[in-house]
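Hi there,

Here is the structure I promised to send over. Have a look at it first, and then read on for what turned up.

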Amino acid sequence: MEPSRARALAIQDAEALAMIGVDFVRLSPKTRITESSTLSPLPADAASDVRLPSVSPRPTSNPERARREQALAEVLARYERDCPHQHFPTDHHCIVFHDGDPCARLMFIGEAPGADEDRIGRPFVGKAGQLLDKMIAGMGLTRQEVYIANVLKVRPPNNATPTPEQAELCAPYLYDQIRIVRPEVIVTLGRPATQLLLATRQGINELRGRWQSFPPPDALARPEGFETPIPVMPTFHPAFLLRQYTPENKRKVWEDLKLVMARLGLKPAR
Ligand code: URA
């Protein structure tokens, strides 16, 4: 890549990090800046003729990781058999189940795949996903070290926001994912994921920035296997952040992520 292009991309990256409140992240001297390491959108033909694996490759030598991968594969197989999305309109070519480490301490939950995710088969790979990657990097982690899933596993038409009824139909599979990964902290991204996990109709503005728990303490029906609740930090969805690019919203998301980092003993990337 031309040095001027690399410099422009590096500036774009720094601006993206600054956007979520991270002023500076040290790059290793060996870090190569490539087109794909920036916030630029995926090329239109990124996956036109290839199907990537639905999970980033990672070492499988750890027996506990292998056990969880097998358990997650069984949940996916059950989802494929049940097809809960047969009960609502979709515009999908593939099921987008998850990405990341089944032994992760931190889990992110979004709402539903978009066009890029539907093409590639992995959650959060479009523009919002690239911002999520920056948020994860700002926390001193990588995508391979966290676990990422969505409420809906298939793309809604025109990227419509999932309804509470659609979310309920898909909830058992998401709860199984949470049960298997058993993260120390869950970050819900946006309203649908937050409302589903917290069994509430309250808005994200009221819920974000304060620790909640899954299942919520006043839950009428407690999903099995969650006797010890998992701390949940709701925050804005990265797609919302991209639309409402205000310093105030960026600061709020970064404040939410800092609470998560403090809880997990993580240091921000420097
Ligand atoms: N938005 C989501 O909520 N999930 C994705 O996977 C992509 C965009």
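**What I found**

Among contacts in the protein between residues at least 6 apart in sequence, 76% join residues at least 24 apart. Please keep in mind that this is a predicted model. The protein has nine helices and six strands, and buried residues make up 50% of its 270 residues.

**A residue in strand S3**

Let me begin with Ile 148, which is found in strand S3 (residues 147–150). Its relative accessibility is 0%, so Ile 148 counts as buried. Which residues is Ile 148 in contact with, leaving aside its neighbours within four places in sequence? They are Phe 97, His 98, Asp 99, Phe 108, Pro 123, Phe 124, Leu 132, Ile 136 and Arg 143. Take Phe 108 from that list: Ile 148 and Phe 108 are 40 residues apart in sequence, yet their C-alpha atoms are 4.9 Å apart in space.

**Aromatic rings**

The count of aromatic pairs in the model comes to four. One of them joins Tyr 175 and Phe 214, with 5.1 Å from centre to centre and 40° between the planes, which makes the pair tilted. This pair links distant parts of the chain, since Tyr 175 sits in helix H5 (residues 164–181) and Phe 214 in strand S5 (residues 212–214), 39 residues apart. Tyr 175 and Phe 214 are both buried.

Phe 214 also forms an aromatic pair with Phe 226, this one edge-to-face, at 4.9 Å centre to centre and 70° between the planes. Here too the pair links distant parts of the chain: Phe 214 belongs to strand S5, while Phe 226 lies in the loop between S5 and strand S6 (230–235), twelve residues apart. Phe 226 is buried, as is Phe 214. Put together, Tyr 175, Phe 214 and Phe 226 form one aromatic cluster.

Two arginines also sit over rings. Arg 263 lies over the face of Trp 211, 4.6 Å from the ring centre, and Arg 208 lies over the face of Phe 236, 5.7 Å from the ring centre.

**Helix H6**

Just after H6, Ala 199 takes a positive phi of about 50°.

**The second largest pocket**

H6 turns up again in a pocket lining. The second largest pocket holds about 670 Å³ of space. It is lined by 30 residues, and the closest to its centre are Glu 111, Ala 128, His 237, Ala 239 and Arg 243. Which elements give two or more residues to this lining? They are helix H3 (115–120), helix H4 (127–138), H6, H7 and helix H8 (238–243). By type, the lining divides into 15 nonpolar, nine polar and six charged residues.

Best wishes

Conventions: Residues numbered from 1 in each chain as written. Predicted model: local features only at pLDDT ≥ 70, side-chain atom pairs only at ≥ 80, totals over all residues. Heavy atoms only, no water. Phe/Tyr/Trp six-rings, centres within 6.5 Å; stacked < 30°, edge-to-face > 60°. Helix = DSSP H or I, 4+ residues; strand = E, 2+ residues; numbered from the N terminus. Buried < 20%, exposed > 50% of the residue type's maximum accessible area, 1.4 Å probe, protein only. Lys NZ or Arg CZ within 6 Å of the ring centre and 35° of its normal. 1 Å grid on protein atoms, 1.4 Å probe; cavity = no way out; pocket = protein on both sides within 12 Å on 5 of 7 lines; lining within 4 Å. Points joined across faces, edges and corners; volume = space filled by probe spheres on them. Nonpolar A, V, L, I, M, F, W, Y, C, P; charged D, E, K, R; others polar. Contact = heavy atoms within 4.5 Å.
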